Amino acid sequence: MRLFSSASRFTLSTSVLALGAAWASPAAAQTEQAQVTAQQANTAVECSTIADPAARKKCVETQGVNAQPTSGAPTQESIVVTGSRIKRPNFETLEPSVVVNSAAIEQRGFQTVADALNEQPTFGVPGSSPVGGGQGGAFGSGQSFVNFLGLGSQRTLVLVNGRRFVSSNTASIFGPTATGLQVDLNAINTKLIDRVETIAIGGAPIYGSDAIAGTVNIILKRNYEGIDVDAQSSISDYGDAPGYRVRGLVGHNFADGRGNVTVAAEYNVSKGFTNSDRALTARGQFYGTCPDSDTVHSQCLFDSLHYPALSSYGVPTVSYYSYVVNQQQSQVLGGALGLPGAFQPGVTDANGNVLQFGPAGGLTPIDFGQIIGTPGIFNQFSGGNGFDIATTGQLLTDVKRYNTNLLAQFQVTPNVRLFGEGWYAYSKGTNLRAQPIYNTSIFGNPGDPAGPILLSINNPYLTADERSALVNAINNNPASDQNLFGGNPFTGAPQDYFYLTRANVDLYPGKASTATSLYRFVGGLDGDYHVGWRDFTFEAVANFGRSRTVGHSPEIVWQNFMNAANATTDASGNIICTPGYTNANIKTLSSTCAPLDLFGTGQASQAALNYITAIASPVGINKQHVFTLSTAGPLFHLPGGDLGIAAG
């Protein structure tokens, strides 16, 4: 029931003004320990103030306002590289890797990890994000996935501290993304992040097919101590898309530094906007065949894309075939149907103007605007008063989210660490606009749910003048069913009806939302042990996660819609639904039929809207239970280094 046009897609870019305030632990002297402390406190070290050249160089290479792209990565020591459980020097990776540290995220004011990653050239257009019109409505609006190498978000694995994170993807053919275990990055507080490591391809042997494109590993701060609270507000250069955020991070070490408890929380609201809110996208620009006067180009850019065959107010026709066309198209359509002359299915006035209903009812001429390309059965038009499809698009989704986290660890012995994590996150995305439900022969035959609406010529919402024009078209238009078929093409009865083509913007505005609640609990222990000269590590972890996604979307119930559109009058002259109807077996907001006025826009009563509207509330639940027991270490020396092994 959706109309897909060849309208151009524009990329939205907004500048954000960020205001922030933070309180953190006092900074110590500019030493290596100060750099570590500053990193834990999520503050930047000014490397230029360090006098010693070697120390200054090390500061620049590892952390600080003058940091290189690899800043925030661990120093040159044996670490576990994302995509492997075997420790090795961090420069010995076979796969290309990208590291984004917390300082880069904070300095740019990114609201989510997805915002930071999507600026990297290695990430393609995400399958689902708050930006753009390709939202999922009740099936995932406003969710933030990442799409590494442009191979699909379902092939990009997201980990937190090297462990899987429960997915919030809605497994539905109606959603914006493919079925998979995509992680909604709205659930992760950027205040907790130490760095984000991304490797290409190499994670698949370890993690499975959902890491075919790559693996994104979000590494959280450890042993954080202090208090860090900040607030940020933002607005675009155009004065729209306002947003604000409040975050807090509190950490405390105890038992002489053996234990740590860290608590974080975040509240974030971002407002969206539609195509109509920006002058550029409101212009409805599109590419089409250049006019004959342009002998250089084949495609030209036009303004104001309109479809005169559709209207938010309703376009009446009297023929089973086709939709209204302009004079040039009517000649082409007549030839396509094998007729000797023009074929115009619409209703015309005395001057030959094709008519549509006006905003408040009443028949008024259609301004077709400029036809684009060679006249054919279906053309796009620039200008005129046809359906303006640009008004149905949005550029940014409303998003509200909040989350809280608890991280704890305790060094039981020098070789054994006990740790745990508790997560709760809530996120709601609201799709502001979408294309309406259409009734037109472009998408279906008369009487079908997407086809033209079949209405009686005696519909009580018609005025005497409107009814007279319709009857005149039935009797005198060669294209009418009466003149083309001798009456109804199926029953042969005299034509006492007409067809209505309509874009039901006032009945279905396209506003829908998705709300996700997520819980995650992680607990385990890790450490190291020795076998002779060999140093082995081990980890035992239990990881539980659950996300519940609930959609909310108003939908039109076709059977009730036709019951309400089939209006008549009772003995007292009151407009009612024609008796003998049967309600749909789908629950709508009201079970009492109320007549529906389709001539114009906004003419329908609230009672009629309640009768034809049902609220779709799809529910998606994802559960994750992961138990991991692993150990890794060297077996023996080789000339190029130790031969390592991992088992679990």
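I start with a term: a residue is called buried when its relative accessible area is under 20%, and exposed when that area is over 50%, with partly exposed in between. What you are looking at is a predicted model.

Ala608 sits in helix H11. Which residues does Ala608 touch, once neighbours within four places in sequence are left aside? The contacts are Ala594, Pro595 and Leu596. There is also a distance to note for Cys593: Ala608 and Cys593 are 15 residues apart in sequence, and their C-alpha atoms are 6.9 Å apart in space.

Now the overall numbers. The protein has 648 residues, and 48% of them count as buried. It contains 11 helices and 33 strands. Taking contacts between residues at least 6 apart in sequence, 67% of them join residues at least 24 apart.

Next, helix H8, residues 464-476. The helix has 13 residues, and at 1.5 Å a residue it should span 18 Å; the C-alpha atoms at its ends are 18 Å apart, so the model agrees with the expectation. Which residues of H8 are buried? They are Glu466, Ala469, Leu470, Ala473 and Ile474. Viewed down the axis of H8, the buried residues fall within an arc of 135 degrees, so they line one face of the helix. As background, an α-helix has 3.6 residues a turn, so residues three or four places apart point the same way. On the other side of H8, the exposed residues are Ala464, Asp465 and Asn476. As for what covers the buried residues of H8, the list includes strand E15 (315-317), strand E16 (355-357) and strand E17 (363-365). Helix H9 (481-485) and strand E26 (497-503) are also part of that cover.

Asn223 has a phi near 55 degrees, a positive value in a residue other than glycine. Asn223 is in the loop between strand E7 (214-220) and strand E8 (226-234), and at a relative accessible area of 29% it is partly exposed. Ser304 is not a glycine either, and its phi is positive, about 60 degrees. The loop that holds Ser304 runs between strand E13 (299-302) and strand E14 (305-307). Ser304 counts as partly exposed, at 23% relative accessibility.

How many cavities of 30 Å³ or more does a search of the whole structure find? It finds 5. The largest cavity has a volume of about 60 Å³. Residues lining the largest cavity include Tyr307, Pro308, Ala309, Tyr323 and Val324. Gln329 and Asn379 are also in that lining, as are Phe368, Phe378 and Phe381. By class, the lining has 8 nonpolar residues, 2 polar ones and no charged ones.

That is the end of the tour.

Definitions and conventions. Residues are numbered from 1 along each chain as its sequence is written. This is a predicted model: local features need pLDDT of at least 70, side-chain atom pairs count only at pLDDT 80 or more; totals for chains, interfaces and linings use all residues. Side-chain values use heavy atoms; hydrogens and water are left out. Helices (H or I, at least four residues) and strands (E, at least two) are DSSP runs, numbered from the N terminus. The expected span of a helix is 1.5 Å times one less than its number of residues. Buried means under 20% relative accessible area, exposed over 50%, partly exposed in between (1.4 Å probe, protein chains only). The arc is that of the directions from the helix axis to the C-beta atoms. Contact means heavy atoms within 4.5 Å. On a 1 Å grid over the protein atoms alone, a cavity is a set of points where a 1.4 Å probe fits but cannot get out, and a pocket is an open set with protein on both sides within 12 Å along at least five of seven lines; lining residues have an atom within 4 Å of a point. Grid points are joined across faces, edges and corners, and a volume is the space filled by probe spheres set on the points. Ala, Val, Leu, Ile, Met, Phe, Trp, Tyr, Cys and Pro count as nonpolar, Asp, Glu, Lys and Arg as charged, and the others, Gly among them, as polar.
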